[in-house]
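Colleague: Could we take a close look at one part of this model together? I would like to hear about its aromatic rings and what surrounds them.

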Amino acid sequence: MVGDKGKKLKINEAASDKVLQVEQKYNEIRKPIYEKRNDIIKFIPDLWLTAFMSHPAFLLTEEDQKIFKYLSSLEVEDFKDVKSGYSITFNFKPNPYFEDTKLTKTFTFLDEETTKISATPIKWKDGKGIPDGVAREKNGSKRSHAEESFFSWFSDIDDIQDEVAELIKEDLWTNPLNFIKFFSNDSDEEAFDEEEDDEEEDDDDDYDDEGEIELLP
């Protein structure tokens, strides 16, 4: 029995290695496609802001939304050896919030149970910092919205199972236009519903209180 378990374990490990090799191969194939895609979608206004806001797992504060308007591109890059880790980079245009134009968070897999996480320390401009993930006024008092800022994620380097990173890597990075489309469809449906309501109100105006058609002079 012990021998059989050992064989199964070796087979599973070999299969996992094969899967990673295939994934690594296709990552190299997809890389120029993603680069070309980035060149195209960079002309869509507020694309990444809309994508993040449309994703059901993300909630941006009012201040985050203002900062995201300066986000020009997002990049996810696997290490050459996929088993070693990956990095997520946010590229910003010069903005009034922080000195950095590039914020990166890196995940290095040391072994099956250990992940080393490092991130760019954000150099906030005077009065624009969000210490402890809470947006504050220049005098240190809290703003009216005290939700946790998305940017506190860059200082969170203790969570081995980083769900935010996984969602960015697997959902937003692979196809942000899916969420743009979802957002647009919802907006169109709301506009359509409003038009229908307006039409119904107009129809109601053609009737008097007794339900009879009001004759116009």
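Which residues do ring pairs link into a cluster?

Modeller: Happy to walk you through it, keeping in mind that this is a predicted model. The cluster joined by ring pairs takes in Phe52, Phe58, Phe68, Phe90, Phe92, Phe98, Trp124, Phe150, Phe151, Trp153 and Phe154. Over the whole structure, the search turns up 25 aromatic pairs. One of them is formed by Phe150 and Phe154, with an edge-to-face arrangement: the centres are 6.4 Å apart and the planes make an angle of 85 degrees. Phe150 and Phe154 are both buried.

Now for the nonpolar side of the picture. The largest nonpolar core holds 35 residues, and those touching the most other members are Phe52, Ile88, Phe90, Phe150, Phe151 and Ile168. Several elements each supply at least two residues of this core, among them helix 1 (2-41), strand 2 (85-92) and helix 5 (177-205). Helix 2 contributes the most, namely five residues.

Setting aside neighbours within four places in sequence, Phe90 is in contact with the aromatic residues Phe52, Phe68, Phe150, Trp153 and Phe154. The list of its contacts also includes Leu71, Leu74, Leu103 and Ile168, along with Ser73, Thr101 and Lys102.

The charged end of Arg37 sits over the ring of Trp173, at 4.6 Å from the ring's centre. Lys169, in turn, lies over the face of Tyr86, 5.0 Å from the centre of that ring.

Notes
Residues numbered from 1 in each chain as written. Predicted model: local features only at pLDDT ≥ 70, side-chain atom pairs only at ≥ 80, totals over all residues. Heavy atoms only, no water. Phe/Tyr/Trp six-rings, centres within 6.5 Å; stacked < 30°, edge-to-face > 60°. Buried < 20%, exposed > 50% of the residue type's maximum accessible area, 1.4 Å probe, protein only. Lys NZ or Arg CZ within 6 Å of the ring centre and 35° of its normal. Core = buried A, V, L, I, M, F, W, Y, C linked by side-chain atoms within 4.5 Å. Helix = DSSP H or I, 4+ residues; strand = E, 2+ residues; numbered from the N terminus. Contact = heavy atoms within 4.5 Å.
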